[in-house]
Amino acid sequence: MEWIEFPSLSRETLRDIRVTLDDGFKEFTRAYGETLEAMLEPLKIFLIWLEDLLISSPWIIILAVIVAAVYAGSRNWKIALGTFLALVAIGIFGMWEDTMRTIAMVTVCTITAIVLGIPIGIAMSRSDRLQAIITPILDLMQTMPSFVYLIPVVMIFGLGKVPGVIAVVIYAIPPMIRLTNLGIRLVDKDVLEAADAFGSSNWQKLKDVQLPLALPTIMAGINQCIMMSLAMVVVASMIGVRGLGQPVLQAINNQYFTLGVMNGLAIVAIAIIFDRASQAYGKRLQKHSEVIHG
Amino acid sequence: MASDGIEIRNLYKIFGPKGEDYVDLVKGGMSKAALNEQHGHVLGLNDINIFMPGGKITVVMGLSGSGKSTLIRHINRLIDPTAGEVIYQGNDVCKMSDAELQDFRRHKTAMVFQKFALLPHRTVLKNTVYGLEVQGVDKDEAEQRARKWITRVGLEGFEDHYPNQLSGGMQQRVGLARALTNDADILLMDEAFSALDPLIRMDMQTVLLDIQEELEKTIVFITHDLDEALRLGDHIAILRDGAVIQQGSGQDIVLNPADAYITDFVKDVNRGRVIEVDTIMTKKEPPKDALIISSGAMLEDAAKKLSEAGAVNAKIVDGTGKLLGSITIQDTISAMVTPATH
Ligand SMILES: Nc1ncnc2c1ncn2[C@@H]1O[C@H](COP(=O)(O)OP(=O)(O)OP(=O)(O)O)[C@@H](O)[C@H]1O
Ligand SMILES: [Mg+2]
């Protein structure tokens, strides 16, 4: 019979392990929680400011600004028109305020992911050792169910916006880092050699050669990052992030089919706007590679 | 504005994790094939000694894999040697600190690449200023200097084009303009014209020779094409398996090939364009009505002059008009077609 059941540790040992780890972590939270929270205060202030700005300004101005920004980025009137129609529909169906909250949240998360992700990606591209260390961490971040890392985040920060941003950034930053690293590593060796031959310093090489040439790949990373942030808004709503995720959560709990679909579609609409606009912008930056000598 | 020469002394390069350990074996005569088979290391350069005269074009020639690119990359130390020295203005490039090396690359050298290696996201003008930008030269001045060279290589009007809007020949003109704008004494050209069509290639050679006449830079030019080597090279070194097997002027190499490998290389060459009249002239007294041809003229030009004038004899004179010897049209033509044995 001994071979049927796996010889696991006894219940008592397992419990002890859990208790020790949990206590240790609680201890850590008590000791450093406030410091960590204080460190992230600017992030919170920025997010609240942006949310207020979007919600308390007259809707017509926000609508105009968003459509203008999309047009300025993409130089494509079809995308701008689509944006206009989608936002009008969102407003008519009473989701304007939640949509603004979600846009503010996604914007802050994306900026945070870019600010952290690009330097990490650059560092990773310069050292094979670092790449070997960071890659499995990114794999872990992407495959670990997000509910699992919500636990410690909530233990430290409680419920609210900041833990929401952290959870979303953890989920959305890996493609940013990976694609920055990849983009820089794929830069043509011949061009790098030319930069060396002219006596470029490492910094000159990075800013004049590697980053510009990696830009299409980095832009793809930013695009991915935005999409993944949006995908996380429902999960984030579970820890108190307001926006389009909350009605969806409510709809799940109460089986409100229409409410769920409407808010879900609003998320999809924003995702498509962000995606098309950022891709068109990325393409425009790459204009020099479009015209091929006949 | 004469430039200084480059002296390469006892230069060895062995590719692989423990290259230094095998230098002595190579010095003892181990071949490239044996080193690779027994120790898994690749012999890149084997005891290279070349003096590259200042203000002249030195051509390094050899077949694919003979070590040409490896050699030229030692001059600006894009590749570190396993042993040996590269001396320029009394300093060993191989011993420079990182800062000295950066300075040397910025101010003393410029390079043109086989695959152009232009910055695809920059216009012709922005590519051309790259070297000056790295040096920290003021933008307006840099662009002004760059424009001058863009015009000089025949790309006026294309300043705002991107590289992939240009043909290969035009792209390499950008590569050349970029290197010349740097205003460095040493110009390194690794198969700079090899990727171009024959006609465009001739064109570019002409551009280079014209510019060189004016600037007198120390040019190191890599090619696997003998005609190109003979046309451009004041001094030619031939590499095989990482070692120099012959060096000298184009005429030396065509007239006295060191071994069967080089004989094979030179057998189809247009000798009329390589051999000087001095080589075939005799001490025979020329007739009174003989044509006058100056010393150093190529056989082809001499033959042309003789046949145009309908003459049979010519006297060879030096710059001061002193008689050096004489040639006949028969001698000239037979030296152009059959290997001259001396
Ligand atoms: N980084 C390297 N590691 C190992 N071997 C190398 C390396 N670079 C060059 N080699 C070897 O050194 C030899 C000389 O190569 P090199 O590129 O200098 O030849 P080449 O004369 O320029 O040839 P080609 O005409 O094809 O450009 C070759 O056998 C090559 O395989
Ligand atoms: Mg080569």
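Ala117(B) is buried, with a relative accessible area of 4%; buried here means under 20% relative accessible area, exposed means over 50%, and partly exposed is in between (1.4 Å probe, protein chains only). Ala117(B) sits in the loop between β6 and α5 of chain B, and its phi is near 50°, a positive value in a residue other than glycine. Phe116(B) belongs to the loop between β6 (109–112) and α5 (124–128) of chain B. Phe116(B) is not a glycine either, yet has a positive phi of about 65°, and at 13% relative accessibility it counts as buried.

A quick word on ground rules. This is a predicted model, where local features need pLDDT of at least 70 and side-chain atom pairs count only at pLDDT 80 or more, while totals for chains, interfaces and linings use all residues. Residues are numbered from 1 along each chain as its sequence is written, chains are lettered from A and ligands numbered from 1 in the order in which they are written, and side-chain values use heavy atoms, with hydrogens and water left out.

**Strands in chain B**

Helices (H or I, at least four residues) and strands (E, at least two) are DSSP runs, numbered from the N terminus. Two strands pair if DSSP finds at least two bridges between them.

Take strand β9 (residues 235–240) of chain B: 5 of its 6 residues are buried, so the strand is largely enclosed by the rest of the structure. β9(B) pairs with strand β3 (residues 57–61) of chain B in the parallel sense over 4 bridges, and there Ile236(B) stands opposite Val59(B). β9(B) also runs antiparallel to strand β10 (residues 243–248) of chain B, with 5 bridges joining them. Ala237(B) has Gln247(B) in β10(B) as its bridge partner. The hairpin of β9(B) and β10(B) has 2 residues between the strands, and Asp241(B) takes a positive phi near 50° in it.

Elsewhere in chain B there is an open sheet of 4 strands, in the order β2-β1-β4-β5, with antiparallel pairing. β2 (42–52) and β5 (91–92) of chain B stand at the edges with a single partner strand each, so one side of each is left without a neighbour in the sheet. Strand β1 (residues 6–15) of chain B pairs with β2(B) over 7 bridges in the antiparallel sense; Lys13(B) has Leu45(B) in β2(B) as its bridge partner.

**Helices in chain A**

How do helix α5 (residues 96–126) and helix α6 (residues 128–143) of chain A cross, and at what angle? Their axes come within 6 Å and cross at roughly 130°, the axes being lines fitted to C-alpha atoms, for helices over the stretch in contact, with angles running from 0 to 180 degrees between N-to-C directions. α5(A) and α6(A) are therefore oblique to each other; angles under 35 degrees count as roughly parallel, over 145 as roughly antiparallel, 65 to 115 as roughly perpendicular and the rest as oblique.

Thr180(A) lies in helix α8 (residues 161–185) of chain A. Thr180(A) is buried, with a relative accessible area of 0%. Leaving out residues up to four places away in sequence, Thr180(A) touches Ile118(A), Gly121(A), Ile122(A) and Ile218(A).

**Salt bridges**

Over all chains the structure holds 32 salt bridges, each a side-chain nitrogen of Lys or Arg within 4 Å of a carboxyl oxygen of Asp or Glu. Here are some of them.

| Pair | N to O distance |
|---|---|
| Lys207(A) and Asp208(A) | 3.4 Å |
| Glu85(B) and Arg9(B) | 3.1 Å |
| Arg240(B) and Asp259(B) | 3.5 Å |

Lys207(A) is partly exposed, with a relative accessible area of 38%, whereas Asp208(A) is buried at 11%. Glu85(B) is partly exposed at 26%, and Arg9(B) is partly exposed too, at 32% relative accessibility. Arg240(B), at 31% relative accessibility, counts as partly exposed, and so does Asp259(B), with a relative accessible area of 24%. Salt bridges that share partners join Glu7(B), Arg9(B), Glu85(B), Asp92(B) and Lys95(B) into one network.

Notes: Contact means heavy atoms within 4.5 Å.
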